[in-house]
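Keep the 3D view open as you read.

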Amino acid sequence: MSELRDILEDTVTRLFGDLATRETLEAAENGDWPEALWTALTESGLTRPLVSESQGGAGAGWHDAFVIIKAAGRFAAPVPLPETILAGWLLDRSGMDIPDGPLTIACTDAAHTPTLSQRDGEWRISGDLPAVPWGADAGHVVSTAQHDGDSRLVLANTSDAACRPDRNTAREPRDRLSFASAPVTLLDRETAPKDGIALYGAMIRAAQMAGAVERTLAEAVQYANDRVQFGRPIAKFQAIQHQLATLAALSAQATLAAETAFRAADRRDPRFEIACAKVIAGEAAGAAAAIAHQVHGAIGFTYEHSLHFATRRLWSWRPEFGGESQWAEELGRTVAARGGDALWTDLTQRQSAGAAE
Amino acid sequence: MPEIQFEPCDLPPETETIREEVRDFLREALAEYPASRLAKSWAEGDAGFSRKVAQRGWIGMTWPKKYGGQERSALERYVMLEEMLAMGAPVGLHWIADRQSGPLILRFGTEAQRQEFLPPITRGEAFFCIGMSEPDSGSDLASVRTRAEKVDGGWVVNGTKVWTSGAHRCDFMIGLFRTSGAPEDRHEGLSQFLVDMKMPGIEIRPIINMTGDHDFNQVHFEDVFLADDRLIGGTGDGWKQVVAELAFERAGPERYMSNIPMIRQLINASTQAPGERAAVGIGRMVAQLATLREMSLSVAGMQNAGKDPALEGTVVKELGVTFEQGIPGIAQDLTDAEPLLEHGDEFGKSLAFVTQASVSYSLRGGTREVVRGIIARGLGLR
């Protein structure tokens with residue numbers, strides 16, 4: 001591990017351990033913005049790891065940011081930290097100033113893509129952004145918008161939108177923002193990847209899921225060792241041991257799949273690795289939540305227990321920025337187009353191409 | 001809770017040299033092999049092929065030169081192995097000696113044993129089989145009852161080993177025998193021996209597996225005399241040595257790559273522009289394959305860095321065999337293929353073989369249940 005990554009991991013683990021408490025999580029689920037947590041993240045430089053140092057960031061790479069984003073998942077941090085990191089990176093790549101405060105991103109689809117127009121030399125956006133993470137709390141949103149059949153990345157001020165608050169299964173804000181000819185700034189299409197939100201959004205969700213899967217494992221192992229039935233801890237039963245062994249294997253796999261995608265993002269077009277990561281982490285998310293709940297029994301189904309903070313997030317994040325089938329279909333088409341004989345050589349080539357840089 | 005941690009591994013550039021060498025070699029050496037034979041992967045042995053591999057210096061390639069090795073790095077060997085497996089090369093005959101018997105002799109053997117056995121292994125002239133399981137000792141390996149009784153100048157062995165892959169084609173066995181105590185003494189009193197398969201008193205009986213192939217054997221020992229210098233390591237150290245040997249056996253890339261040739265055929269059988277159903281099926285498979293490779297590579301990298309990724313290796317086996325075991329089902333589902341054994345095509349013959357063989361993947365090298373138990377112990381549950 002790099003020294004910077006070690007420092008970031010220590011910092012973020014300590015900070016979330018202190019501030020992403022049960023009280024904070026519950027309050028956030030009731031609609032309170034966790035100001036103390038966000039302020040601490042900002043002051044520790046964890047909200048802008050990828051932003052260049054001249055812009056007040058840490059100038060780190062995606063692989064470094066991986067530890068922050070995975071930890072956000074592990075601690076169920078009720079703030080748009082991964083979204084702010086991604087939005088900041090896209091803006092920084094475009095040479096734009098990074099607005100203060102939390103930022104968010106909007107994943108649009110064909111049915112919900114706002115349109116751009118130009119008036120008096122200014123670009124304006126009209127239309128709805130559905131299910132924007134912390135749309136009401138974030139000051140700005142980076143989204144895609146359509147103009148003359150072309151897709152562009154834009155930065156909009158959320159205060160220019162009409163907001164209809166909503167929540168996902170994890171009771172994280174997923175708000176609809178409706179714009180009517182609101183001013184926007186276009187991101188640089190040369191330097192900011194056009195598919196930046198859909199693609200890198202899938203990558204950050206994969207890392208968050210890996211973190212939350214790890215959390216379900218830790219909770220389930222702890223519970224199995226503590227809970228006594230039939231005169232012994234249930235961890236001593238082979239049926240439980242094998243369930244948890246499966247969960248541990250899937251957790252480790254999801255983490256490495258996500259980390260591989262983040263490493264690739266520092267080196268080359270990471271589309272293949274991100275697709276793999278979203279498929280693997282999504283599959284792990286479903287299995288992990290099921291196993292962890294089964295091991296916990298009825299207590300895990302109560303609000304009083306903490307397991308649901310991780311599992312409800314897993315169910316919420318799994319379909320965001322494309323579910324497994326969507327990414328698998330893309331992977332399958334890519335591989336089939338190259339043919340079976342190229343599969344292995346392509347795979348080894350990607351790895352060595354990364355290492356050489 | 002001790003963490004299972006896969007550190008990402010970047011292969012050093014020199015491994016690309018051997019990768020290309022192995023690819024060039026295999027292009028020629030495997031030119032005449034039908035796809036259905038390559039589908040058998042490392043279950044298939046070919047003495048002529050093994051000797052060609054030996055001539056390239058790729059058996060025991062990390063061992064000291066004085067024992068016939070090449071002193072190449074563990075990661076170069078890893079790349080050589082994954083290239084062999086990626087093509088389905090018939091490495092079965094020399095595989096065991098290269099993977100575990102040789103390393104065992106190198107680590108626990110006497111100088112005389114190293115000089116006697118290692119050079120012939122590297123020349124592809126000494127093939128090894130594993131004498132662990134017995135009719136009453138499968139997953140419960142510590143209960144072995146085949147006994148080596150101390151006599152003047154050596155040991156006399158009586159008992160039966162079973163599921164001995166390739167015993168009928170191998171020159172030597174490393175056998176786990178009880179040298180003291182009773183099966184109830186479990187790990188105590190076990191020792192390992194180097195057994196020449198041509199010794200009088202050894203009878204090898206074939207066990208035909210359900211694919212119709214002869215791979216397994218039952219090996220009977222009746223008053224087989226082994227001289228004192230056939231004992232490997234210490235008397236009573238057998239269990240400790242076997243645990244180390246099994247770590248070599250479980251952590252390699254063959255635990256997820258057995259069906260790569262079938263995957264290649266499956267993708268070739270689909271069109272270049274597959275429908276949604278086939279694309280999703282192929283994509284899920286490829287996501288697993290790519291991730292398992294990173295995991296396997298990570299284990300190799302950590303081993304190379306002097307760490308002990310035994311738990312991580314076990315996790316790769318758990319996920320890897322489940323992955324490779326699922327391939328025939330995916331192939332059946334996506335292609336509607338019904339293999340015909342007599343006049344079918346290569347795809348069908350390959351599919352018929354791997355469909356049957358795949359059940360063994362989660363049995364060999366430690367059953368899924370044993371493997372999950374090891375992971376559970378690593379999690380602090382046992």
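## Helices and their neighbours

H9(B) passes H12(B) in a left-handed crossing. A crossing is called left-handed if the near helix is turned anticlockwise from the far one by less than a right angle, and right-handed if clockwise. The contact is made by Met262(B), Gln265(B) and Ala269(B) of H9(B) and by Phe347(B), Ser350(B), Leu351(B) and Val354(B) of H12(B). Two residues are in contact if their C-beta atoms, placed from the backbone, lie within 7 Å. By class, this contact of H9(B) with H12(B) has 5 nonpolar, 2 polar and no charged residues. Here Ala, Val, Leu, Ile, Met, Phe, Trp, Tyr, Cys and Pro count as nonpolar, Asp, Glu, Lys and Arg as charged, and the others, Gly among them, as polar.

This is a predicted model, in which local features need pLDDT of at least 70 and side-chain atom pairs count only at pLDDT 80 or more, while totals for chains, interfaces and linings use all residues. Residues are numbered from 1 along each chain as its sequence is written, and chains are lettered from A and ligands numbered from 1 in the order in which they are written.

Helices (H or I, at least four residues) are DSSP runs, numbered from the N terminus. Axes are lines fitted to C-alpha atoms, for helices over the stretch in contact, and angles run from 0 to 180 degrees between N-to-C directions.

| Pair | Angle | Axes |
|---|---|---|
| H9(B), 260-269, and H12(B), 346-357 | roughly 140° | within 10 Å |
| H5(B), 92-108, and H6(B), 111-122 | about 160° | 9 Å apart |
| H4(A), 62-74, and H5(A), 81-93 | about 150° | 9 Å apart |

H5(B) and H6(B) are therefore roughly antiparallel to each other. Angles under 35 degrees count as roughly parallel, over 145 as roughly antiparallel, 65 to 115 as roughly perpendicular and the rest as oblique. The crossing of H5(B) and H6(B) is left-handed. On the H5(B) side are Ala97(B), Gly102(B), Ile105(B) and Leu106(B), which meet Gln113(B), Arg114(B), Phe117(B), Leu118(B) and Ile121(B) in H6(B). That contact of H5(B) with H6(B) has 6 nonpolar, 2 polar and 1 charged residues.

In chain A, Ala65(A), Ile69(A) and Ala72(A) of H4(A) meet Leu81(A), Pro82(A) and Ile85(A) of H5(A). The contact of H4(A) with H5(A) divides into 6 nonpolar, no polar and no charged residues.

## A kinked helix

H11(B), residues 310-335, has 26 residues and reaches 38 Å from its first C-alpha to its last, close to the 38 Å expected at 1.5 Å a residue. The expected span is 1.5 Å times one less than the number of residues. H11(B) has a kink of about 30° at Ile327(B), shortly before the proline Pro328(B). The bend at a residue is the angle between axes fitted to the seven residues ending there and the seven starting there. Just after H11(B), Asp336(B) takes a positive phi of about 55°.

Notes. Helix = DSSP H or I, 4+ residues; strand = E, 2+ residues; numbered from the N terminus.
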